[in-house]
Amino acid sequence: GDEEAARAGFWAAVKQAGKIAGKGGGDTLIAEGIRSAEADVPVRLAASLALNALGELTEDAADEVSLPAAKRKAQLAKAEGMFSEALRLWETNALALVSLGHLRRSRGDHSGAVKLYLRAAELPSVRRPRATWVEDFVSEDRERCVPIAAYSLAHLLTRMQRHKDALPVLQRFGVKYRIAPPVWAAVKRPPRKAVRKPADLDLPCVLAGVVPETLRKTILHAFRPGAPYWGETNYDTREYFSFFYDVKKSPSNAIEELVQDHLIPNLPVDRKIVAAEWWVHARDRSSDMGHQLHFDMEERTLEAEGRVLNPAVSAVVYLAAAGAGPTLVLDQNINNGFANQGWLGYPSDGGCLFFPGDRLHGVVPSTPSPGYRVVLLVALWDRDDFAPGRRRKGLGPQADIPKKAEWVRELPLVKPGKTKPTNLPGHVVPVSPVWEKIPATRGPKMDLPCEMDQRYFVHHAKDFKRIVMKEHCGVEEPKPKRRKVES
């Protein structure tokens, strides 16, 4: 946990390598050292690993939402230089190949990222029969990085609509289905400009002007980069948390005011809403890989009793998201099979996407652009049969708002008056099919890297429920049985 000591140690290794940097033939010497597993770690290899670690520390600091944009840009440029130097010292450094690939992707250099991911994904195994430095400094990193590089490659090729090129990469994981090409093609097309009468509304739909401009600016200010909210909640490192609002009570802050006076009155379906649950996300538009496909559920009840409760309606309030990745909603709940149809909801600042609360959904990445995609997510409940017991005092699912927190004081009541939202049917585009089957191949398969899996590529429709039950209840749903093939 001592970051300063780690930096000092890494720089010491880099300086030592600098004494021999001009001798040439470094990568050949490293390769020979790996083959022979000689007693001493090649200095250039150690320096390359140290530079990559320094780059990762620098990039992690830049990824914090609380960091101002100018400082973030400078930090990322510094990190990129470290990754590049790490590869100059050792061309097959798997960690550096992946790290630089991620950074190039986030800067919009997709072709450069593809080349780096491909180099890392094709690295051969270098496992040795006995424990040596090769195991610690080379083998383990490659075993971890090759699946990450392959997944990143398949993900990026898919975004680029190079589906044929992505197919053999996906087959290395043994997945059987992927989000279909028509979905990705629709992402590239801008939303149509069209308006229907409110009487024509159905779910899902996007309503423009749900959030009065003064209220939007107030809420957006509270969730700006560098705002107290991100640091006080430890947003960058904490697992999922949300805040509960009993709609029978008068609003005490701007978000409760939004729910009570603007979301509930403008619901496009007839539901008796008794409670709301809200949380917020800010995603860097330049490095955004989308948001994992998931279900909105009451997690406290799920963990306590194993019951799956979905809200009546889910709402995505676009605070600052116009032009960013659209929300993908699939006509698929936790108990049924793969959907045939889905919808892409395109962001409109101050607008809101409403959709049935039990549907599978996520965010599909779009073209990288400056700034953050800031959205407020609201689960609107028509039931209150949640698990008994007091809500968490700290942060967690359906937590009480910490009244003394500085960030709460940045959400005063605004009272902007009523609004007349406009339906934007062109901002909800139906897509079909939404899943495509992947032909099976023989050979060993890799596991999908859990830390990156957006669930755009899956083995079976029941994967989603299995993951939910395992993560929240500690149990696994039985895997689907394979049909016996008659000879």
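Modeller: Happy to! Let's begin with strand 11, residues 372–381, which is mostly covered: 10 of its 10 residues are buried. Please keep in mind that this is a predicted model.

Now follow the side chains along the strand. Tyr372, Val374, Leu376, Val378 and Leu380 point one way from strand 11, while Arg373, Val375, Leu377, Ala379 and Trp381 point the other way. Both sets are buried.

Which strands pair with strand 11? One partner is strand 4, residues 275–284, which runs antiparallel to strand 11 and is joined to it over 10 bridges. To find this pairing on screen, look for Glu277, whose bridge partner in strand 11 is Ala379. Another partner is strand 6, residues 313–320, and this pairing is also antiparallel, with seven bridges. Here a handy landmark is Ala315, which has Val378 of strand 11 as its bridge partner. Ala379 and Val378 are both buried, and they point opposite ways from strand 11.

Two packed helices are described by the angle between their axes and the distance between the axes.

Take helix 5, residues 94–106, and helix 3, residues 43–62: their axes come within 9 Å and cross at roughly 30°. Angles under 35 degrees count as roughly parallel, and helix 3 and helix 5 are therefore roughly parallel to each other. The crossing of helix 3 past helix 5 is left-handed. On the helix 3 side, the contact is made by Leu49, Asn52, Glu56 and Glu59, and on the helix 5 side by Leu95, Ala96, Ser99 and Leu103. Sorted by class, this contact has four nonpolar, two polar and two charged residues.

Helix 5 also packs with helix 6, residues 110–121, at an angle of about 160° and with the axes 8 Å apart. That angle makes helix 5 roughly antiparallel to helix 6. Helix 5 passes helix 6 in a left-handed crossing, too. From helix 5, Leu97, Val98, Leu100, Gly101, His102, Arg104 and Arg105 take part, and they meet His110, Ala113, Leu116, Tyr117, Arg119 and Ala120 of helix 6. By class, the contact of helix 5 with helix 6 has seven nonpolar, three polar and three charged residues.

Definitions and conventions:
Residues are numbered from 1 along each chain as its sequence is written. This is a predicted model: local features need pLDDT of at least 70, side-chain atom pairs count only at pLDDT 80 or more; totals for chains, interfaces and linings use all residues. Side-chain values use heavy atoms; hydrogens and water are left out. Axes are lines fitted to C-alpha atoms, for helices over the stretch in contact, and angles run from 0 to 180 degrees between N-to-C directions. Helices (H or I, at least four residues) and strands (E, at least two) are DSSP runs, numbered from the N terminus. Angles under 35 degrees count as roughly parallel, over 145 as roughly antiparallel, 65 to 115 as roughly perpendicular and the rest as oblique. A crossing is left-handed if the near helix is turned anticlockwise from the far one by less than a right angle, and right-handed if clockwise. Contact means heavy atoms within 4.5 Å. Ala, Val, Leu, Ile, Met, Phe, Trp, Tyr, Cys and Pro count as nonpolar, Asp, Glu, Lys and Arg as charged, and the others, Gly among them, as polar. Buried means under 20% relative accessible area, exposed over 50%, partly exposed in between (1.4 Å probe, protein chains only). Two strands pair if DSSP finds at least two bridges between them.
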